[in-house]
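Grab a pencil and work through these exercises with the structure open beside you. Try each task before you read its solution.

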Amino acid sequence: MFIPLKISSTILKLFSSKVAAGFPSPADDYVEKGLSLDDLLIQHPSATYLARANGHSMTGAGIFDNDILIVDRAETPKNGSIVIASIDGELTCKYLNTSLKQLRSANPRYAPIQISDDAEVLIEGVVTASIRNHQ
């Protein structure tokens, strides 16, 4: 399912120090500058769309069921890129393996998809980031 992309002008506060996974330092209450998530995550706005992940085949790449994928059509897919591919009209998110002509999952429970010469395969874009809700 494709999600329309709407560019935002919201600037969020960015703390200058990294957040510890233990006890925070009282000296870390300094805000450095603002950060736009659009600027951070979207390089080519007119060529970028969002899609929602479905399933568990890419969990080894940190992509989980229901995550939102940021997909850039302007990026050139390379060997090892995570791509959205249309195979005979069905969309899938997989690693692109150009040398073996395969689309590979990041979960060993799922077999690679061999790209045959007669298959209708279209790369719909390169996944550049994913967003997960932790609530």
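**Exercise 1. In which strand is the place of glutamate 124? Find it, then describe its surroundings.**

Before the steps, a word on the model. It is predicted, so local features need pLDDT of at least 70 and side-chain atom pairs count only at pLDDT 80 or more, while totals for chains, interfaces and linings use all residues. Residues are numbered from 1 along each chain as its sequence is written, and side-chain values use heavy atoms, with hydrogens and water left out.

Step 1. Glutamate 124 sits in strand β10. Strands here are DSSP runs (E, at least two residues), numbered from the N terminus.

Step 2. Check how covered glutamate 124 is. Its relative accessible area is 15%, so it counts as buried (under 20%; exposed is over 50%, and partly exposed is in between, with a 1.4 Å probe and protein chains only).

Step 3. List its contacts (heavy atoms within 4.5 Å). Not counting residues up to four places away in sequence, glutamate 124 touches Tyr49, Val71, Arg73, Ile84, Ala85, Ser86 and Leu91.

**Exercise 2. How many salt bridges does the structure hold? Track down the partners in each.**

Step 1. Start with the rule: a salt bridge is a side-chain nitrogen of Lys or Arg within 4 Å of a carboxyl oxygen of Asp or Glu. The structure holds 3 of them.

Step 2. One of them joins arginine 73 to glutamate 124, with the closest N and O atoms 3.5 Å apart. This pair links distant parts of the chain: arginine 73 is in the loop between β5 and β6, glutamate 124 is in strand β10, and they are 51 residues apart. Arginine 73 is partly exposed, at 47% relative accessible area.

Step 3. Next, look at aspartate 67 and arginine 132, whose side chains meet at 3.4 Å, N to O. Here too distant parts of the chain are linked: aspartate 67 belongs to the loop between β4 (48–52) and β5 (68–72), arginine 132 to the segment after β10, 65 residues apart. Aspartate 67 is buried at 3% relative accessibility, whereas arginine 132 is partly exposed at 32%.

Step 4. Finally, lysine 101 and aspartate 117 form a salt bridge of 3.1 Å, N to O. Lysine 101 is in the loop between β7 and β8 (102–104) and aspartate 117 in the loop between β9 (113–114) and β10, so the pair ties together parts that are 16 residues apart in sequence. Lysine 101 is partly exposed, at 42%, and aspartate 117 is exposed, at 71%.

**Exercise 3. Which strands pair with β6? Look at its side chains as well.**

Step 1. Now count bridges (two strands pair if DSSP finds at least two bridges between them). β6 pairs with strand β7 (residues 90–97) in the antiparallel sense over 6 bridges. With strand β10 (residues 121–131), β6 also runs antiparallel, over 5 bridges.

Step 2. Opposite it stand threonine 92 in β7 and isoleucine 123 in β10.

Step 3. Follow the chain from β6 into β7. This hairpin has 2 residues between the strands, and aspartate 88 takes a positive phi near 50°.

**Exercise 4. Is aspartate 72 buried or exposed? Find what its side chain meets.**

Step 1. Aspartate 72 lies in strand β5 and, at 2% relative accessibility, is buried.

Step 2. Search for polar contacts (pairs of N or O atoms within 3.5 Å; within protein, one must be able to donate a hydrogen and the other to accept it, and residues adjacent in sequence count only if both atoms are side-chain atoms). The side chain of aspartate 72 makes one with the side chain of histidine 44, at 2.7 Å. A polar atom of the aspartate 72 side chain also lies 2.7 Å from the backbone nitrogen of alanine 74.

Step 3. Compare sequence with space: aspartate 72 and tyrosine 49 are 23 residues apart in sequence, yet 6.6 Å apart from C-alpha to C-alpha.

Key: Helices (H or I, at least four residues) and strands (E, at least two) are DSSP runs, numbered from the N terminus.
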